[in-house]
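Subject: Handover of a structure

Hello,

Please find the structure below. My notes on what was found in it follow.

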Protein chains: 2
Amino acid sequence: MQTPKALFFDVFGTLVDWRTSIAREAEAILKPLGHSLDWIAFADAWRDEYQPAMDEIRSGRLPFCKLDVLHRRNLERILPGFKIAGLPEDTMRNLNLAWHRLDAWPDSAPGLARLKKQCRIAPVSNGNISLMVDLARRNGFPWDAILGSEIAGDFKPKPRVYLAACEALDLPPGDCMMVAAHSSDLASAARSGLRTGHIARPDEHGPGKGEAAPAVPVDVFGSNLEDLAGKLGL
Amino acid sequence: MQTPKALFFDVFGTLVDWRTSIAREAEAILKPLGHSLDWIAFADAWRDEYQPAMDEIRSGRLPFCKLDVLHRRNLERILPGFKIAGLPEDTMRNLNLAWHRLDAWPDSAPGLARLKKQCRIAPVSNGNISLMVDLARRNGFPWDAILGSEIAGDFKPKPRVYLAACEALDLPPGDCMMVAAHSSDLASAARSGLRTGHIARPDEHGPGKGEAAPAVPVDVFGSNLEDLAGKLGL
C-alpha cells in the first residue's frame, strides 16, 4: 500500500483517555465542594449525552456550535441525576473545561511524532479548535494543523467533516487515512473515499470495554500508534 | 503589559523571505526550460498582483477562494510581460507551489519555539491552510493551529480574519497580539481590538526596502522575533 500523504486522527478515545481523565477532573473540582459520588459513572453519564447532542446539529434541527457548548448543555443535563445543583458559574466553566485537560494514552505523542516525519498529521475530531489546541499542548501532540468539526461546520460522521479535511490539505480522499479506535468512524470515512486505520483501545469504556479489533474492513490495524506506524512502513 | 495569551503572526515577509525564495524557485524551474530573465523582478511582479487580486474578494465582487488560486491567476497574468507562454500544466502547478517552498528569516523558527512556551501561536495569514502547513514543515514553525484567511473566508485586513482567529481560541481580542512587519496589518488588527507587535524586516523588498520600524503606534516593537520575545518578557 502506498504511504498516505495525510493521516487524520480521531481524538476522544483514540488518542486520549477521556473516561479516567474526566473522572479525575470532576473529583478534583467537586469533592472539595462536599460532593461525593461515583466519578467514573459521572464521566460515563456526561459522555452518554455526546452523540444525542450532536444529532441535534447533524440533523439540522440546531445550527452548528462548538463542542464546548454542547458539553456545557450536557453537563447541565446530567447534574440533577447526581443531585448537584447551584454550582457557581466559574465552577461550571472550569468543570466544562475538564475536556481540555484529558490525558493521552502513552503511545499517542511518540506515535504521532514518528508518523509526522513522512505524513501530514491533523486531528479530525468533533472537538473544537481551542479544545484540540489545549489537548495538544498538554500532551505534546505535534499537529501540522487543526482540522475537524469546526472548520467543517458539522460533526462526524457527516461526510463533510472528512472531506473538508482533505480539501484543506489539497488532497484527494484516497491520499488520506482516517485513524480511529471506533469502527463507525472508519466506516464513514471509507464511504467518503478515505483510507482507514484502526487502533485498538480495548479499555476505553473500562477494562475490556473498548474496541480491541475493528468490526469493519479497514486498510490497516494496529495494537497502538507505534504498531500502526510500523505496519505503514513509517 | 500583561502577557498575551495568543500571538498571531503574519507570514509573508514577517516570518519568511518570499522575494529571494520566489526568485530562486522561478529560476530553478524556468531556467532549464531556456528562459532567462530578472528573477527578482519576476518575484516582485508576481507579488505586485497580490493585493489587487485579494481586493476582488474583499470587496465581494468574487467569492472567497484559497490564496493558491489567486497566485495561479496572478502568475498567468504576469507571464506575458516576461515573454513566457505555453508552459505545460505540470510546470505551471509546480511554479505556483513555489509559494509553499519559501524560506524563513533565520530568527523565525527559534523565536516561535521560544514564544510558544507561554503563548498559543498561530499564523493569521492570507495564505491557505495547506500553504501554511508546507511552510511550517519546511521551516520548523511549531504552530498550535493554522488560523487566518481560510477559516475566516475572507482576507486581511478585513476585521473578520482577526476576529475569527480570536474566536477559534475562545479569547477576547485584547488577550491576543498580532505580530507583523507591516504597519497596515497592525493598524487593522488594533482597530479590531487586538494588541500589536512589530518586527523589523528592513530588507523585505530588497536591501533597505522594508519596514525598519513601525509607522503606526504599536504595543511592542522588536528588531526580530527573539528581540520581541525579550521585550514581552518571554
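One definition is needed throughout: two residues are in contact if their C-beta atoms, placed from the backbone, lie within 7 Å. The model is predicted, so local features need pLDDT of at least 70 and side-chain atom pairs count only at pLDDT 80 or more, while totals for chains, interfaces and linings use all residues. Residues are numbered from 1 along each chain as its sequence is written, and chains are lettered from A and ligands numbered from 1 in the order in which they are written.

**One residue to start with**

B:N139 lies in helix α7 of chain B. Helices (H or I, at least four residues) and strands (E, at least two) are DSSP runs, numbered from the N terminus. Apart from its neighbours within four places in sequence, B:N139 is in contact with B:V16, B:D103, B:A104, B:S108 and B:A109. The C-alpha atom of B:N139 is separated by 9.4 Å from that of B:W105, a residue 34 places away along the chain. B:N139 counts as partly exposed because it has 17 C-beta neighbours inside 10 Å. The cut-offs are these: a residue is buried with 20 or more other C-beta atoms within 10 Å of its own, exposed with 12 or fewer, and partly exposed in between, with C-beta atoms placed from the backbone.

**Chain A**

Chain A has 11 helices and six strands. Its radius of gyration is 18 Å, close to the 17 Å that the globule rule gives for 234 residues, so chain A is as compact as a globular protein of that length. That radius is taken over C-alpha atoms, and the rule is 2.2 Å times the number of residues to the power 0.38. Along the principal axes, the C-alpha atoms of chain A fill a box of roughly 55 × 35 × 30 Å. Of the 234 residues of chain A, 46% count as buried. Of the contacts in chain A between residues at least 6 apart in sequence, 63% join residues at least 24 apart.

**Domains**

Chain A is divided into domain 1 (6-17 + 102-231) and domain 2 (18-101); the bounds come from an automatic or database domain assignment. The C-alpha centres of the two domains of chain A lie 23 Å apart. In chain A, 21 residues of domain 1 are in contact with 14 residues of domain 2. The largest share of the domain 1 side, four residues, comes from α7(A). By class, that side of domain 1 of chain A has six nonpolar, seven polar and eight charged residues. Here Ala, Val, Leu, Ile, Met, Phe, Trp, Tyr, Cys and Pro count as nonpolar, Asp, Glu, Lys and Arg as charged, and the others, Gly among them, as polar.

**The two chains**

Between the chains, 13 residues of chain B are in contact with 13 residues of chain A. Helix α7 (residues 129-139) of chain B gives the largest share of the chain B side, five residues. That side of chain B has eight nonpolar, one polar and four charged residues.

Regards
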